Amino acid sequence: MATLIKLKKGYNLNIEGAILSDEVAQGAKASTFAVVPGDFTGIIPRMDVKEGEKVAAGDVLYHDKNFESIKVVSPVAGVVKSVNRGERRKIESIEIETDNSDSKKTFITKPTSAKALLLESGLWSMMRQRPYDIVPKPNAEIRDFFVTCFDSAPLAPSLSIVVGEKNKYINKGVEVLKSLTNGNVYLGCREGEEFEATGAETVVFKGPHPAGNAGVQAANIAPVNKGETIVTLDVVTLARIGHLFTEGYVNFETVVAVVGSEIENPKYVSSIMGCPVSTLVEGNMKSDSGNARFINGNVLSGVQIEANSYLRAPYRQITVIPELIKKDEFMGWASLSPKKFSVYHNFTHWLFGGAKKSNKVDARINGGERAIVMSGEYDRMLPMDIYSEFLIKAIIAFDIDKMEQLGIYEVAPEDFALTEYADTSKLELQRIVREGLDRMRKEME
């Protein structure tokens, strides 16, 4: 029987542009796909292919400088069109021009080579370890695996729909993960949408966002301590692992939620990882959308992209919202309009059930960075047993001892996304946490 954990802290941000149907549409065909190394935190890429070389789906594009066994692979077959570099020759993206063939790399699956196969296939790089929220080290002793089976972020897709028919591979995926640890594999599910698998422990979570974050689930089941390593992933990646060990190749097909107030008909779209965003939103933008902001992921922890960019590896959602709804707003932040939304009761919106309605939001910050004044604000939004406000201060001061004592090993930037949104001080908490984790890792290693 599944364990039930109720979380009271957090907040469900309801915004316009939700999907109303479970039907999945087919995305438009694309000629070019891309892989962005920045999606695989902790990896320093070293190219294995050159521009003009042919690759099959699953062929290695690059490996990690420090751990050569960690590979990132191509999601499609074709020719390496370009390796785009930025400052100091940092690799920004790798574009592959597809030949629309079914050419793919196949693997020999053996129970004794589970880790080696995950590393070679590129699926290892789709998981994250804590501490540091990076691609797991191949030599790490993994205490437990935590698989999140739902996404609680604003306008997030149902992962059961994203998994689709690959649901039948979940049991095999759990079997593979169990072979890599002496601990447990936990499936964190939403109430009423349980996934069950032989060998895994199902834990049901009830509560607002960020209940769907794997790190939040881990912190409420079995927190990671200093010297320990846990690995987090979502159920879609788990199904891909099961598919690899059953069929012998990696399935890069995915279902993407195309959502937001600037989308005419929010819906699920079937495509392939790394596809152009234009193939997902084609013909579905509102005619009066004007200057829209495209986000890979959700509005809280997603990444801003250009309209001609690509679907990044960790995301199963494209959100489109306006940059600015009204340039000249009467009384601005002091407005008494009942339509103006706030997490707190700063406006009269909440008197009319505003928190439960779908609100139209734009990309404005509505304020500037200032000192941390409102005590206890962070703790209301983060259901983890840490002193989040003091942790942020310790990270800013880079006090290693306090960072360790206050829970730096348990957190990732996405855990602070909601807190950042609701923060009166307007601090870039996700950036602060990311920089703190990176500095901590360099210091400790």
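This is a predicted model: local features need pLDDT of at least 70, side-chain atom pairs count only at pLDDT 80 or more; totals for chains, interfaces and linings use all residues.
Figure 1. In helix 8, which spans residues 388-397, the buried residues are Ser-388, Glu-389, Leu-391, Ile-392, Ala-394 and Ile-395. An α-helix has 3.6 residues a turn, so residues three or four places apart point the same way.

**Figure 2. The protein chain as a whole, as a setting for the close-up views.** The protein chain has 11 helices and 19 strands, and its C-alpha atoms fill a box of roughly 65 × 50 × 50 Å along the principal axes. A compact globule with 445 residues would have a radius of gyration near 22 Å, and the protein chain, with 22 Å, agrees with that expectation. Of the 445 residues, 55% count as buried. Among the contacts with a separation of 6 or more, 67% are made by residues 24 or more positions apart.

Figure 3. Strands of a sheet pair through backbone hydrogen bonds, either parallel or antiparallel. Strand 3 pairs with strand 9 (residues 91-98) in the antiparallel sense over four bridges, and Ala-34 stands opposite Glu-95 in strand 9.

**Figure 4. The two covered faces of strand 3.** In a regular strand the side chains alternate between the two faces of the sheet. Both faces of strand 3 are covered, with Thr-32 and Ala-34 buried on one side and Phe-33 and Val-35 buried on the other.

Figure 5. Helix 4 (residues 214-221) is mostly covered, since six of its eight residues are buried. These buried residues are Ala-214, Gly-215, Val-216, Gln-217, Ala-218 and Ala-219.

**Figure 6. The crossing of helix 1 and helix 5.** The axes of helix 1 (residues 114-121) and helix 5 (residues 235-247) come within 11 Å and cross at roughly 110°, which makes helix 1 roughly perpendicular to helix 5. On the side of helix 1, Ala-114, Leu-117, Leu-118 and Ser-121 take part in the contact, and they meet Ile-241, Leu-244 and Phe-245 in helix 5. The residues of this contact between helix 1 and helix 5 divide into six nonpolar, one polar and no charged.

**Figure 7. The crossing of helix 3 and helix 5.** The axes of helix 3 (residues 170-178) and helix 5 come within 7 Å and cross at roughly 90°, and the two helices are therefore roughly perpendicular to each other. Ile-170, Lys-172, Gly-173, Val-174, Val-176 and Leu-177 in helix 3 meet Val-235, Leu-238, Ala-239, Ile-241, Gly-242, Phe-245 and Thr-246 in helix 5. The residues of the contact of helix 3 with helix 5 comprise nine nonpolar, three polar and one charged.

Conventions
Residues are numbered from 1 along each chain as its sequence is written. Side-chain values use heavy atoms; hydrogens and water are left out. Two strands pair if DSSP finds at least two bridges between them. Buried means under 20% relative accessible area, exposed over 50%, partly exposed in between (1.4 Å probe, protein chains only). Axes are lines fitted to C-alpha atoms, for helices over the stretch in contact, and angles run from 0 to 180 degrees between N-to-C directions. Angles under 35 degrees count as roughly parallel, over 145 as roughly antiparallel, 65 to 115 as roughly perpendicular and the rest as oblique. Contact means heavy atoms within 4.5 Å. Ala, Val, Leu, Ile, Met, Phe, Trp, Tyr, Cys and Pro count as nonpolar, Asp, Glu, Lys and Arg as charged, and the others, Gly among them, as polar. The radius of gyration is taken over C-alpha atoms; the globule rule is 2.2 Å times the number of residues to the power 0.38.
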